[in-house]
Amino acid sequence: MKKRKTLQDLTIKDNFLFGAVMCVEENCKGFLEMVLGFSIAQVVVSKEKSIVYHPEYKGVRLDIYAEDENRTHYNVEMQVKKKTALGKRSRYYHSQMVIEALASGEDYETLPDTFVIFVCDFDPFGEHLYCYTFGNECRENKNAKLDDGSYTIFLSTKGENEEEVPVELVRFLKFATADLEESEEDFQDELVKQFQETIHNIKTDREMGERYMIFEEMLREEKQEGRLEGRIEATREDVFELLEDLGEIPNRLRDKMEALEELGDLKFLFKLAAKADSMQNFVKDAEKYLQTKEKQE
């Protein structure tokens, strides 16, 4: 059984610690300036959006929402495991920031620029670069710019082109991929040192320890719910598959079965379907069971 990490075991590439460090606005500002290569006067991190449970996102969301003095919006996320849909994930983040701006009364002409930044502990495109920057441009003529204000940046800890990127970025990415012992070494970098000090403060803060425990519990519950949902859907499909040989399920009954959320109910219907010798008999027994359940509720 895999040992559960404590707060003391975490490094910056663990989502909780990355989020906690980046919620400190001075850290976020320093990180953005290092990545983007220009000065930012002020960064405001939206803490209520950064480490929360998002029902519409279907899970615990750990990313950083920030805004600077020019109203530019930023979304920053740590990615440890390689995922095939990072491009579409970035599109989702861009759309969320735009939708929020429109909902607050913005016109299209005044929509803020948006940056989505992934810190990846892998090479997302296999080109051995420390940084991949994307913006919308014309395929036919790259001199034609769309200027829609949306940019996506993938940072990779597996880059090999040190001579082409700022030394500060390389130091930070080496820090980001380091194990616990290595991460406490001197990287000869002011931003990394600033992050290390914040990490020390987080790990000695009792309240942060309690937050981490809550976060871990949320993750466990999410995984359990995910496994249960999978079993529910699989059982529902098994019932429908059994019934295919008996004929077409009446739409009214199918709708009721589609709406069932209890695994026990679907298991019972599975048993009815397995022993039914006709659709008519199944419908009769299933309707009787569901009517009895409705009365009990």
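## Charge on the surface

Lys and Arg count as positive here, and Asp and Glu count as negative. The model is a predicted one. With that rule in hand, start with the negative side. Glu237, Asp238, Glu241, Glu244, Asp245, Asp255 and Glu258 gather in a patch of negative charge on the surface. Two elements each give two or more residues to this patch: helix 7 (206–243) and helix 8 (251–259). Helix 7 supplies the largest share, with 3 residues. Glu237 sits in helix 7. Its relative accessible area is 45%.

Lys271 belongs to helix 9. Is Lys271 buried or exposed? Its relative accessible area is 57%, and exposed means over 50%, so Lys271 is exposed.

How many salt bridges does a search of the whole structure find? The search finds 13. Three of these pairs are worth a look in turn.

Take Lys29 and Glu33. They form a salt bridge, and their closest N and O atoms are 3.2 Å apart. Both residues lie in helix 2 (residues 25–36). They are 4 residues apart, about one turn of the helix. Lys29 has a relative accessible area of 16%. Buried means under 20%, so Lys29 is buried. Glu33 has a relative accessible area of 22%, and is partly exposed.

Now look at Asp121 and Lys158. Their side chains meet in a salt bridge, at 3.8 Å from N to O. Asp121 lies in the loop between strand 6 and strand 7, and Lys158 lies in the loop between strand 8 and helix 5. The pair therefore ties together parts that are 37 residues apart in sequence. Asp121 has 13% relative accessibility and counts as buried. Lys158, with a relative accessible area of 38%, is partly exposed. This pair also belongs to a network: Lys13, Asp121 and Lys158 are linked by salt bridges.

The next pair is Asp189 and Arg171. Their side chains meet in a salt bridge at 3.9 Å, N to O. Asp189 lies in the loop between helix 5 and helix 6, while Arg171 lies in helix 5. So the pair ties together parts that are 18 residues apart in sequence. Asp189 counts as buried, at 9% relative accessibility. Arg171 counts as partly exposed, at 28%.

## A buried serine

Ser156 is placed in strand 8 (residues 150–156). Is Ser156 buried or exposed? Its relative accessible area is 0%, and buried means under 20%, so Ser156 is buried. What does the side chain of Ser156 reach? It reaches the backbone oxygen of Phe122, at 3.0 Å.

## Positive phi angles

Two loop residues have a backbone angle to check. For His128, phi is near 60°. That is a positive value in a residue other than glycine. His128 is found in the loop between strand 6 (114–120) and strand 7 (131–135). With a relative accessible area of 42%, His128 is partly exposed.

Gln188 is the other example. Its phi is near 55°, again a positive value in a residue other than glycine. Where is Gln188? Gln188 lies in the loop between helix 5 (167–177) and helix 6 (190–203). At 55% relative accessibility, Gln188 passes the cut-off of over 50%, so it counts as exposed.

Terms used:
Residues are numbered from 1 along each chain as its sequence is written. This is a predicted model: local features need pLDDT of at least 70, side-chain atom pairs count only at pLDDT 80 or more; totals for chains, interfaces and linings use all residues. Side-chain values use heavy atoms; hydrogens and water are left out. Buried means under 20% relative accessible area, exposed over 50%, partly exposed in between (1.4 Å probe, protein chains only). A polar contact is a pair of N or O atoms within 3.5 Å; within protein, one must be able to donate a hydrogen and the other to accept it, and residues adjacent in sequence count only if both atoms are side-chain atoms. A salt bridge is a side-chain nitrogen of Lys or Arg within 4 Å of a carboxyl oxygen of Asp or Glu. Patches are made of residues with over 30% relative accessible area and no salt bridge: like charges are joined within 9 Å, nonpolar side chains (Val, Leu, Ile, Met, Phe, Trp, Tyr) within 5 Å. Accessible areas come from the Shrake-Rupley method with a 1.4 Å probe; for residues, only the protein chains shown count as cover. The place of a charge is taken as NZ of Lys, CZ of Arg, CG of Asp or CD of Glu.
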